[in-house]
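Good morning, and thank you for making time for this presentation. Please bring the model up on your screens, and we shall go through it together.

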Amino acid sequence: MPGLEELTRRFQGDRFAALAGVEIREAEPGRAVCAMPLEDRHMNANGVPMGGAVFTLADFTYAVASNAFTEQIIVSQQVSISFLAPAKGKVLLAEAKCLKSGRTTCLYAVDVRDETGIYVAHATVNGFVVKQVQARGTKEGGPPSE
């Protein structure tokens with residue numbers, strides 16, 4: 001399994017999350033924890049983290065959990081996020097967990113909290129497998145070849 005350094009290099013291609021300062025803290029198949037230190041650029045006019053910043057962290061954490069340990073390419077198909085409370089801390093932490101994984105779709109739950117324990121947001125992500133892993137003797141996305 002790839003380590004955190006290798007995963008960090010791989011996911012630097014997700015430029016928006018990298019520019020936002022998102023860091024991978026933990027990763028294993030079907031689960032990831034990422035953090036985003038809060039800076040002025042993440043705040044809205046009310047002085048709390050902007051919904052888009054929270055969403056970016058949640059979506060990126062899902063991407064790491066669903067893609068880090070597979071050759072498949074899995075993308076967000078539908079995301080629902082509920083903002084529960086404004087963060088009071090200096091770091092947002094997101095944990096993504098796989099609830100169900102099928103051949104072409106998956107379902108993940110992502111919880112976002114700050115380091116003080118405030119439950120900031122909850123997201124559910126329906127993922128779609130864009131590229132299947134080719135099994136020996138099969139055509140990509142099709143039945144076994146003869």
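This is a predicted model: local features need pLDDT of at least 70, side-chain atom pairs count only at pLDDT 80 or more; totals for chains, interfaces and linings use all residues.

Ala35 stands opposite Leu93 in strand S4. Those two residues belong to a pairing in which S2 and S4 run antiparallel and are joined by 7 bridges; two strands are taken to pair if DSSP finds at least two bridges between them.

Residues are numbered from 1 along each chain as its sequence is written, and side-chain values use heavy atoms, with hydrogens and water left out.

Let us continue across the strands. S4 is also joined to S5, again antiparallel, by 9 bridges, and the two form a hairpin with 3 residues between them. Within this pairing, Cys98 is opposite Tyr108 in S5, and Glu95 has Asp111 of S5 as its bridge partner. Asp111 has a bridge partner in S6 as well, namely His122. S5 and S6 run antiparallel with 9 bridges between them. Their hairpin has 4 residues between the strands, and Gly117 there takes a positive phi near 100°.

How many helices and strands does the chain contain? There are 3 helices and 6 strands, and from the N terminus on they run α-α-β-β-α-β-β-β-β. The C-alpha trace spans about 60 × 30 × 20 Å along its principal axes.

I turn now to the interior. Buried residues make up 34% of the 146 residues in the chain, where buried means under 20% relative accessible area, exposed means over 50%, and partly exposed lies in between, with a 1.4 Å probe and protein chains only. The largest nonpolar core has 33 residues, of which Leu92, Val110 and Val112 touch the most other members. Such a core is a set of buried Ala, Val, Leu, Ile, Met, Phe, Trp, Tyr and Cys residues joined through side-chain atoms within 4.5 Å. At least two residues of this core come from each of H1, H2 (15–20), S2 (31–37), H3, S4 (91–101), S5 and S6 (119–131). Which element supplies the largest share? That is H3, with 8 residues. In soluble globular proteins, nonpolar side chains tend to be buried together.

Leaving aside neighbours within four places in sequence, the residues in contact with Val110 include Ala58, Tyr62, Ala94, Ala96, Ala123 and Val125; contact means heavy atoms within 4.5 Å. For the chain as a whole, residues 24 or more positions apart account for 59% of the contacts with a separation of 6 or more.

Next, the aromatic residues. There are 2 aromatic pairs, the rule being that rings of Phe, Tyr and Trp (its six-membered ring) pair if their centres lie within 6.5 Å, with planes under 30 degrees apart stacked, over 60 edge-to-face and the rest tilted. Why is the pair of Phe11 and Phe60 edge-to-face? The ring centres are 5.8 Å apart and the planes stand at 85°, so the pair falls in that class. This pair links distant parts of the chain, since Phe11 is in helix H1 and Phe60 in helix H3 (residues 51–67), 49 residues apart. Phe11 is buried at 11% relative accessible area, and Phe60 is buried at 5%.

Tyr62 and Tyr108 form an edge-to-face pair too, at 5.2 Å centre to centre with 75° between the planes. Tyr62 lies in H3 and Tyr108 in S5 (residues 105–114), so the pair ties together parts that are 46 residues apart in sequence. Both of these tyrosines, Tyr62 and Tyr108, are buried.

Finally, two arginines. Arg10, in helix H1 (residues 4–11), is partly exposed with a relative accessible area of 42%. Arg113 lies over the face of Tyr119, 4.2 Å from the ring centre; the criterion is NZ of Lys or CZ of Arg within 6 Å of the ring centre and within 35 degrees of the ring normal.
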